[in-house]
Amino acid sequence: MDSCPAEVLLYQGCCLYYLQMYKQAAEKVDAFSAREEELMKKKQERALLPGNVMERKRELQRERSKSEQYGGGVKGSGGKDSGLGSKMLSDDEVSATIAKELKEEHANNRAPEMALKNRLLFHLAHKMDDQEKLMMRHQDLTDTQGTAVSAESLLLLPSHSFTYLTFFT
């Protein structure tokens, strides 16, 4: 099962939740998270190879020189040339930029899976009666229609407690 895409683990977790196999569902979600971290680390390692860093450094320098040429200086300098744009970027600055771009790209591309993961963990915390995780997962939920349905569904469950009623209403 190592060769399957990471999202398959998440969908398996959903199926296990549906079958009321909560512990196994939580294990699949944990495996999904571990796989996502592993994939992100590999992607970062490839992007931070010396040749890739040098290429990105050249691209960033070109972008800076264009912004100086057409923008009248460095962004945020109020139109005055502060000399920062002509400064050569260090490898550490380029590496930090690459890492930031990769994290943003990953977050944007994986948003649906992360929302599903948060909703699933929210419901698992409820089923396992873990109040601390439930409150933590509730804070992680985003404002979407699916999330609203997830939160409201707890009110319809016969095992809800007074805490949930006062928390969600």
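Predicted model: local features only at pLDDT ≥ 70, side-chain atom pairs only at ≥ 80, totals over all residues.
Of its 169 residues, 32% count as buried, while the chain exposes about 11,200 Å², of which carbon and sulfur atoms supply 55%. Among the contacts between residues at least 6 apart in sequence, 63% join residues at least 24 apart.

| Helix pair | Axis separation | Angle | Crossing |
|---|---|---|---|
| α2 (residues 22-47) and α5 (residues 111-127) | 10 Å | about 150 degrees | left-handed |
| α1 (residues 6-18) and α5 | within 11 Å | roughly 30 degrees | left-handed |

Helix α2 and helix α5 pack at an angle of about 150 degrees, with their axes 10 Å apart. Because angles over 145 degrees count as roughly antiparallel, that angle makes α2 roughly antiparallel to α5. On the α2 side the residues that take part are Y22, A25, A26, V29, F32, S33 and E36, and these meet E113, M114, K117, L120, L121, L124 and K127 in α5. By class, the contact of α2 with α5 has nine nonpolar, one polar and four charged residues.

The axes of α1 and α5 come within 11 Å and cross at roughly 30 degrees. Since angles under 35 degrees count as roughly parallel, α1 and α5 are therefore roughly parallel to each other. Here the contact is made by E7, L10, Y11, G13, C14 and Y17 of α1, together with E113, L116, K117, L120, H123, L124 and K127 of α5. The residues of this contact of α1 with α5 divide into seven nonpolar, two polar and four charged. Among the α5 residues that take part in both contacts are E113, K117, L120, L124 and K127, which face α2 residues in one and α1 residues in the other.

The residue R110 has its place in the loop between α4 (91-109) and α5. With a relative accessible area of 16%, R110 is buried, because the cut-off for that class is under 20%. Leaving aside its neighbours within four places in sequence, R110 is in contact with A6, E7 and E36.

How values were computed: Residues numbered from 1 in each chain as written. Heavy atoms only, no water. Buried < 20%, exposed > 50% of the residue type's maximum accessible area, 1.4 Å probe, protein only. Contact = heavy atoms within 4.5 Å. Areas by Shrake-Rupley, 256 points an atom, 1.4 Å probe, with all protein chains shown as cover. Axes fitted to C-alpha atoms, helices over the stretch in contact; angles between N-to-C directions. Helix = DSSP H or I, 4+ residues; strand = E, 2+ residues; numbered from the N terminus. Parallel < 35°, antiparallel > 145°, perpendicular 65-115°, else oblique. Left-handed = near helix turned anticlockwise from the far one by under 90°. Nonpolar A, V, L, I, M, F, W, Y, C, P; charged D, E, K, R; others polar.
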